[in-house]
Amino acid sequence: MAKDSKKIVVIGAGVIGLSSALLIQESLSLKKENYEIIIAAHEFPHPHTTKTSVNYASMWAGAHLRPIPASTPQLEREASWFRKTAAKFRSQFPQEPWLGILPLRGVEYLAVPSEAYQNLVRSEDTFTKETALENLRVLNEKELPDGVALGFEYDTFCVNAPVYCMALLRKFLVRGGKTINRNLKSEWEAFSLESNVRLVVNASGMGFGDSKSFPTRGQICLVSNPFDKTITRQHKDGTWSFVIPRCFDGGTVIGGTKDVNDWNSEPSLATREELFRKAVETFPEIKNSAGRIDIITDVVGRRPTRVDGMRIEAEVRQEGGETRSVVHAYGAGGRGYELSWGIAGDVAELVGRELREQSKPVSRL
Ligand SMILES: Cc1cc2nc3c(=O)[nH]c(=O)nc-3n(C[C@H](O)[C@H](O)[C@H](O)COP(=O)(O)OP(=O)(O)OC[C@H]3O[C@@H](n4cnc5c(N)ncnc54)[C@H](O)[C@@H]3O)c2cc1C
Ligand SMILES: *[C@@H]1O[C@H](CO)[C@@H](O)[C@H](O)[C@H]1NC(C)=O
């Protein structure tokens, strides 16, 4: 492509940056617009878990699709992104089985279910309307472990996180996308990476300069024992147990903690033992025939969380007679995978709107 071609830089190669970059490519090629799309990131997808930092959340996620009732405005917005992602995974799986998406049953055991949860599973119809997931079955009392008040199961998906991100990156490159490996000091620095950068997407996970952003530490353990469904249990004390298999022999995730504002990047052995104890209590089949759980590695990751949820917003500045737009897309917290295609759709739409604004003859500032 010509050196002076118009460019869009997406900061971040996590699930949000990659999904957004792909949908931006698609929407621009539909409109036959000639932009070069570049992903600039400090870290890129890596096949070996443990080779990337705790800050790169997308390498550490389980990741399963687990619906949360839309009981607040933020959760309502997220529920609509969730539905889009569930629908997209359903169509992607048969078409692109190599992506790393695994369809399977999801099981939930809740110790203290809110009314919103009771309403969510009132009927299969309401459930499917709210979540785009199918085949709900509410468990009867005899099927529930001790101390569980509500249990249900449904058809859902798990994602082998590193495999999936590598697959998205490959797709982006095959379509002509470029990458730059760089640790940026500011989203505005991205305008100087190449000539003629018209727009920057800030999908950097955590907005460190944003006072609403904070990390939610997650400690999980990747084990080699296979498992054939994903189970989530809410305990009375507010802690959670979950098991998430990764397809293509990627092992099984046993989790997990949600430690708000905890910057500790080291896994704790005591925490691992506690996770295993609760796991065996809820899903004893995780042990192999020798009664063992075989550890691949302990994992700590930081969920890029934000008060009020994801920031999707354009910021425009005039610099050197030029209009510069940044589209922010960070703060997915613990739900980046299950919301990814919905978020990316909104980001691509906002990018389209900003480019149209820029091409108007009169500046709006
Ligand atoms: C233990 C754990 C379990 C999880 N389970 C689930 C789950 O079951 N389901 C689910 O949906 N989600 C889950 N998540 C959450 C999910 O991982 C995140 O929401 C998601 O990965 C966020 O993606 P992201 O692209 O916004 O950020 P990240 O994956 O953190 O990517 C950020 C990108 O920006 C780059 N970057 C950042 N700063 C700079 C800079 N200054 N210069 C250049 N590049 C920069 C990074 O290098 C990286 O490429 C889990 C997370 C953890 C930790
Ligand atoms: C993304 O934007 C936020 C808010 O302006 C900022 O704190 C953060 O540093 C930006 N990310 C990058 C990589 O520039």
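This is a predicted model: local features need pLDDT of at least 70, side-chain atom pairs count only at pLDDT 80 or more; totals for chains, interfaces and linings use all residues.
Visitor: How much of ligand 1 does the protein bury?

Guide: Ligand 1 taken alone exposes 1000 Å². Of that area, the share buried by the protein is 94%.

Visitor: Which residue has a polar side-chain atom 3.4 Å from a nitrogen atom of ligand 1?

Guide: A backbone polar atom of I16 lies 3.1 Å from an oxygen atom of the ligand. The side-chain atom that lies 3.4 Å from a nitrogen atom of ligand 1 belongs to N183.

Visitor: Which element gives the most residues to the shell around ligand 1?

Guide: The ligand is surrounded by 35 residues, and E43, S58, L184, G333 and E338 are the closest. By class, 16 are nonpolar, 14 polar and 5 charged. Both α1 (15–30) and β13 (295–306) supply at least two residues of this shell. The element that gives the most, with 3 residues, is β13.

Visitor: How many residues does the largest nonpolar core have?

Guide: In soluble globular proteins, nonpolar side chains tend to be buried together. Here I24, among the residues with the most contacts inside the largest core, touches I8, V10, I37, V201, A348 and V351, leaving aside residues up to four places away in sequence. Another core, of 16 residues including I231 and I254, lies apart from it. The number of residues in the largest core is 74.

Note on methods
Residues are numbered from 1 along each chain as its sequence is written. Chains are lettered from A and ligands numbered from 1 in the order in which they are written. Side-chain values use heavy atoms; hydrogens and water are left out. A residue is near a molecule or strand if one of its heavy atoms lies within 4 Å of it. A polar contact is a pair of N or O atoms within 3.5 Å; within protein, one must be able to donate a hydrogen and the other to accept it, and residues adjacent in sequence count only if both atoms are side-chain atoms. Accessible areas come from the Shrake-Rupley method with a 1.4 Å probe; for residues, only the protein chains shown count as cover. Helices (H or I, at least four residues) and strands (E, at least two) are DSSP runs, numbered from the N terminus. Ala, Val, Leu, Ile, Met, Phe, Trp, Tyr, Cys and Pro count as nonpolar, Asp, Glu, Lys and Arg as charged, and the others, Gly among them, as polar. A nonpolar core is a set of buried Ala, Val, Leu, Ile, Met, Phe, Trp, Tyr and Cys residues joined through side-chain atoms within 4.5 Å. Buried means under 20% relative accessible area, exposed over 50%, partly exposed in between (1.4 Å probe, protein chains only). Contact means heavy atoms within 4.5 Å.
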